[in-house]
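Hi everyone, thanks for coming. I'd like to walk you through a model I have been looking at, so please have a look at the screen.

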2 protein chains.
Amino acid sequence: MALMRVEAAAGQYQVRIEAGLLERAGRIIGETIGSRRLFVVADEAVWACLGDRLAAGLEGLEWTLLSTPLGEPRKRLATVEELCDRMHRAGADRRSAVLAFGGGIAGDVGGFVAASYMRGIDAVQVPTTLLAQVDASVGGKTGVNLASGKNLVGAFHQPRLVLVDTDSLNTLPEREYRAGLQEVVKHGIIRSGELFAYMERGHSAVTRRDTVAVERMIADSVRIKSEVVRIDEREGGLRRILNFGHTLGHALEAETGYGLLLHGEAVAFGMIAAAKLSELRSRLNAADRERIEETVLSYVSIPSLEGLDARRIAARISGDKKSVGGKARFVLVDRIGSVSEELDPPEDCVVEATQHALQVCSLPAALVV
Amino acid sequence: MALMRVEAAAGQYQVRIEAGLLERAGRIIGETIGSRRLFVVADEAVWACLGDRLAAGLEGLEWTLLSTPLGEPRKRLATVEELCDRMHRAGADRRSAVLAFGGGIAGDVGGFVAASYMRGIDAVQVPTTLLAQVDASVGGKTGVNLASGKNLVGAFHQPRLVLVDTDSLNTLPEREYRAGLQEVVKHGIIRSGELFAYMERGHSAVTRRDTVAVERMIADSVRIKSEVVRIDEREGGLRRILNFGHTLGHALEAETGYGLLLHGEAVAFGMIAAAKLSELRSRLNAADRERIEETVLSYVSIPSLEGLDARRIAARISGDKKSVGGKARFVLVDRIGSVSEELDPPEDCVVEATQHALQVCSLPAALVV
């Protein structure tokens, strides 16, 4: 069991990481935010799988289920409106709280509903996928997509409490689990050589979802992310290092139309490209670049990227929302555990790094690990 | 010319009140927030009337017009989505700013677009109606309606700058001007006996929109509102006094289906009811209650409320979003210039006060003034 405190401008909140938390959710919520009406914004598919356990945990509280399909196409303002409307009709007021239950999309949508309903009510995050547990549930980013781009409408809204039940990973599909591991590897690369080394050597425990390994990965990730976010809540500076692998990752997601790859898989690609770019820019040595590639690829199989054009992918960067005034920002690796930003690296290098990532990701996994 | 500084948690901002500001908008914006791409969220009807003047003022800046009809039915998330999408397609990034141009709805919608686009970019408010100038442009409340209720989705997002061009009132329809005056009267009742007395005795200058009178009303209102909001930005306590007249006002708006009354007219009704309720609760003396009624009614003609049932209006209060845990909060007058809250006054008194307001508002104005 791990218990961490995250500092944010709006106050401190607790992240609990423990097996079997769902069944104890109600008691912990009551102790933390007091007696409130809870509105459970749940991904329909997750609710079918884990709803019984959470329902048992909420016994005795006054709560209302708002279950709805929460795939990527539903991550839109129309869904926010539907959920707010259901809450209002069910009598939600300023003292009510939202419990967001599911993967990253449930957290983003449920969090934005909490941020916006009556201009902001309390949120409890209960992430059920590894990706959401190590990433989205800390930091307060919430939001939805526009037709023209991802995550373009949203709010910073810190939760009051985050409950991570490691047991919820037992039913997570293998591909999603492995995609989630990429954000753990990312946390190692950007800020902890030790976590990275653990991911290198702990492959067997990690892939069989050993409880101790899972708890460690999540706790380390939450610690790293919460440190970064504490220093820079609004993404003025340091927080941008969390975008490592995301610049070209987002470009790849856009280029493949968002259907082909899981987010973690796109980040895997983006990290390989960013590591190569770091080498091309004389920041990272070849040996560490290879360690990054090997570790990333040991945890993920990326669907075939055949036929994709590196130049086209690279050209998408200037449309990314992390760009400012048309300049592309890249987070590059100086050594494993330490990164820094580079503004507008030469286009040729970006294309070469992208080309390299396309090649490496297309190799049969057996050749790499 | 008046220049006020408003303090908010997110920093200080400037409110400028002056005739002819539209033509100088660009220079002041440049001096205040630096050189930015501006996206002008404008009510189509206001743009038709005043757009040339603002366009002249923005010459030399890089700006994009997003003109759209912004009546009450368009104050919805679909409009926010449409505007954000247009901004993104036009290349808006984190450093861009929104300039909200028009009445209260333009401010609410444009402000919420600024609060949400990429999780928050800068906003400049340029209110063109009296109501928006004395009320909505200060305090950072932004948001839109749901099908099931008004202002239920939104954010607190302080502007970086507010430009109030008193000349823009020259083209404001008489009924809207008079509805806006009600919020000025409200500011007097809740916090300044002096402003109230000015509204009592300055009737002639006020109704002919004398420049000095207009500037004084707006400056006093901004000062009062910004003091209240500085002390209580998030509506935990003091800020609720700004809701004076709004509890029963909102109930009346809901009961009449939002089409019949302007917001200021509903507030006029709500203030008369709240003053009567204050008398019934032995807070306010009859003479001051009458002064309030007379001053309110001297500035407004409320459309016929015949056939409305006081009991039904009062019954709507518990559904109002200012209610907590089913208890109705009323802001009541202790003396002119000073108010305090009462939780759940007896239902009979609320009905009697509502009934009184229905009667008084139905009298021919000549009998009252």
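**Charged pairs, cysteines and the interface**

Let's begin at one side chain: A:E293 is buried, with a relative accessible area of 8%. Its partner is A:R289, and the two side chains form a salt bridge with N and O 3.1 Å apart. A:R289 also counts as buried, at 8% relative accessibility. Both residues sit in helix α12 (residues 286–298) of chain A, four residues apart, which is about one turn of the helix.

Before going further, a word on confidence, as this is a predicted model. Chain A has a mean pLDDT of 92, and 95% of its residues reach 70 or more. The scores for the model are ipTM 0.89 and pTM 0.90.

B:R223 and B:E227 are separated by about one helical turn, because they are four residues apart in helix α9 of chain B.

Are these residues buried or partly exposed? B:R191 counts as partly exposed at 32% relative accessibility, B:R223 likewise at 33%, and B:E227 is partly exposed with a relative accessible area of 23%. Over in chain A, a network of salt bridges links A:R191, A:E194, A:R216, A:D220, A:R223 and A:E227.

Now to the interface. On chain A, 38 residues are in contact with 38 residues of chain B. Between them the two chains bury about 3100 Å², 53% of it on carbon and sulfur atoms. A:E81, A:R94 and A:R119 supply 25% of the area that chain A buries against chain B, more than any other three residues. The rule finds two salt bridges across this interface, and in one of them the side chains of B:E81 and A:R76 meet at 2.7 Å, N to O. The elements giving two or more residues to the chain A side are α3 (77–89), α4 (104–116), β7 (141–146) and β8 (149–156). Polar contacts across the interface come to 12 residue pairs.

Next, the cysteines. Over all chains, the structure holds zero disulfides. A:C361 is buried, at 6% relative accessible area. For B:C84, the closest cysteine sulfur is in A:C84, 15 Å away and so too far for a bond. B:C84 counts as buried at 0% relative accessibility.

Finally, two loop residues in chain B. B:D344 lies in the loop between β11 (338–343) and α14 (347–362), and is partly exposed at 39% relative accessible area. Its C-alpha atom is 4.9 Å from that of B:A328, 16 residues apart along the chain. B:T256 lies in the loop between α10 (246–255) and α11 (263–280), where a polar atom of its side chain is 3.3 Å from the backbone oxygen of B:E253.

Terms used. Residues numbered from 1 in each chain as written. Chains lettered and ligands numbered in written order. Predicted model: local features only at pLDDT ≥ 70, side-chain atom pairs only at ≥ 80, totals over all residues. Heavy atoms only, no water. pLDDT = per-residue confidence, 0-100. Disulfide = S-S within 2.5 Å. Buried < 20%, exposed > 50% of the residue type's maximum accessible area, 1.4 Å probe, protein only. Contact = heavy atoms within 4.5 Å. Buried area = accessible area lost by both parts, 1.4 Å probe. Salt bridge = Lys/Arg side-chain N within 4 Å of Asp/Glu carboxyl O. Polar contact = N/O pair within 3.5 Å; in protein donor to acceptor, adjacent residues only side chain to side chain.
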